[in-house]
Amino acid sequence: MKRYLVLTAAVVMQMCLGPIYAWSTFVPELQERFGFTSRQTQLVFGTSFLVFSVVGVFAGRILDRYGPRALSVLAGVLLGSGYLLASVAGEHFWLLWLAVGVLGGLGIASGYYCPVATAIKWFPAHKGLVGGLAIGGYGASAIILTNVAKVLFDRGWDVSDIFRLVGLVYGPIIMAMGLLLLVPPGAHVTGAPALRRRVMLRDRRFWALLTAMFCGTLPGLVVSGNLRPIGQLFGFDEMIALQGITVFAIGSAGGRVLGGYAADLIGGRRAMMAALGLVAVSILVVIASGLAGVGWLVATLFVGFCYGGGFAIYPAQIADWYGFRVMGTIYALVMLGHGLAGQIGPVLAGWSRDVTGSFTPGLIGACCVAVAGLVVFAWLSREAVEPGEA
């Protein structure tokens, strides 16, 4: 029963680490009340992912050596204090950027790898599925926060009040769930061997994973960071545009679970190539939904599913190629691609919206990035063909 308690704690903790995925819910209010531009709001969004990925490199090494509990408590403190600071930022953009982008990113960096790496150690025979369930909680976070925020906005709450609520509720839950993360017997991390980065940096498999992470997540971040504004610009009703955020999150959560199952079933390399191809197609579906004026919610569901599905494959594939002992370190290094994508994709898409009045150029560019990622990943990983694939 202990391993199921750990898995439950991992899912709940991830749900509280992911309020950044509901960021699009707050963008119109931040722009209307405080006069922020699309570029500014996306800079906050992108900085959070960049800080998460860069600092996560160090957090991953700490996790491998000392375990998940202390990092999890630190994550709750940082994320909670970040949103509390955001609640008093007002029209001061750089204070908002520091609160959500930097402190929030530090909170995610400290906590994200703890539940994922710990949970799959308890289920080595089903690491793809379990990793998908744990990561699915992170994707599902937006479902809860978006709908809670909508109710509170309707009742007259201000965006700053909602930020305060997130800080007061999410931070303590993260700390409590983190204290339940136990490493299974025989998998103690104290004294875990140091990873020789020079060797890893010459490994084509590592660069294949890093490329896939960047190219596979950039399109999803372009959409998720701008979902509500994209829907409004396409001419959809305000309620439909807002519900796109929830639908995207549902797709992302479901995709993470099924993506992990697919990795167990057909192998990580083939699952990754399928994910990269599908995310490119999903962006084309989003563009088509705007041009034709139909299928917006179906399009957002599909792009969320494809975006989330790719995420679940990485922890299982890293465990297969490198083993559990250094998983936190390598996973964090691979996630640098996600941070770079979060800093580049949404910001450029917001800039193109400010300059051209349309999100279409940014969406087309995101689709091209996914296609390029598929080609590069297939080439770099060709020497790591799985049994039965040749």
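Contact here means heavy atoms within 4.5 Å, and the model these close-ups come from is a predicted one.

**View 1. Helix 3 runs up against helix 16.** On one side of this pairing sit S53, G56, V57, G60, R61, L63 and D64 of helix 3, and they meet M327, G328, T329, A332 and L333 of helix 16. The two axes, for residues 38-66 and residues 327-334, come within 7 Å and cross at roughly 175°. Angles over 145 degrees count as roughly antiparallel, so that is what helix 3 is to helix 16.

**View 2. Helix 4 pairs with helix 5.** Helix 4 covers residues 69-86 and helix 5 covers residues 93-111; their axes come within 7 Å, with a crossing of roughly 165°. These two helices are therefore roughly antiparallel as well, and their crossing is left-handed. From helix 4, the contact takes in L71, L74, A75, L78, L79, S81, G82, Y83, L85 and A86. Helix 5 answers with L95, L96, L98, A99, V100, L103, G104, L106, G107, I108, S110 and G111. Sort them by class and there are 16 nonpolar and six polar residues, with no charged ones.

**View 3. Helix 10 meets helix 15.** Here the axes of helix 10 (residues 204-224) and helix 15 (residues 313-322) come within 12 Å, crossing at roughly 175°. That angle makes the pair roughly antiparallel, because anything over 145 degrees counts as such. Helix 10 brings R205, F206, L209, A212 and M213 to the contact, while Y314, Q317, I318, W321 and Y322 come from helix 15. Eight of the contact residues are nonpolar, one is polar and one is charged.

**View 4. Inside the largest nonpolar core.** This core has 120 residues, and the members that touch the most others are I20, W23, F26, L96, Y112 and Y331. One of them, L96, has already turned up in the contact of helix 5 with helix 4. Helix 10 supplies the largest share of the core, 10 residues.

**View 5. A closer look at F26.** Which residues does F26 touch, not counting those up to four places away in sequence? Its partners are L145, A149, F153, V159, I162 and F163. F26 itself is among the core residues with the most contacts to other members.

Technical notes:
Residues numbered from 1 in each chain as written. Predicted model: local features only at pLDDT ≥ 70, side-chain atom pairs only at ≥ 80, totals over all residues. Heavy atoms only, no water. Axes fitted to C-alpha atoms, helices over the stretch in contact; angles between N-to-C directions. Helix = DSSP H or I, 4+ residues; strand = E, 2+ residues; numbered from the N terminus. Parallel < 35°, antiparallel > 145°, perpendicular 65-115°, else oblique. Nonpolar A, V, L, I, M, F, W, Y, C, P; charged D, E, K, R; others polar. Core = buried A, V, L, I, M, F, W, Y, C linked by side-chain atoms within 4.5 Å. Buried < 20%, exposed > 50% of the residue type's maximum accessible area, 1.4 Å probe, protein only. Left-handed = near helix turned anticlockwise from the far one by under 90°.
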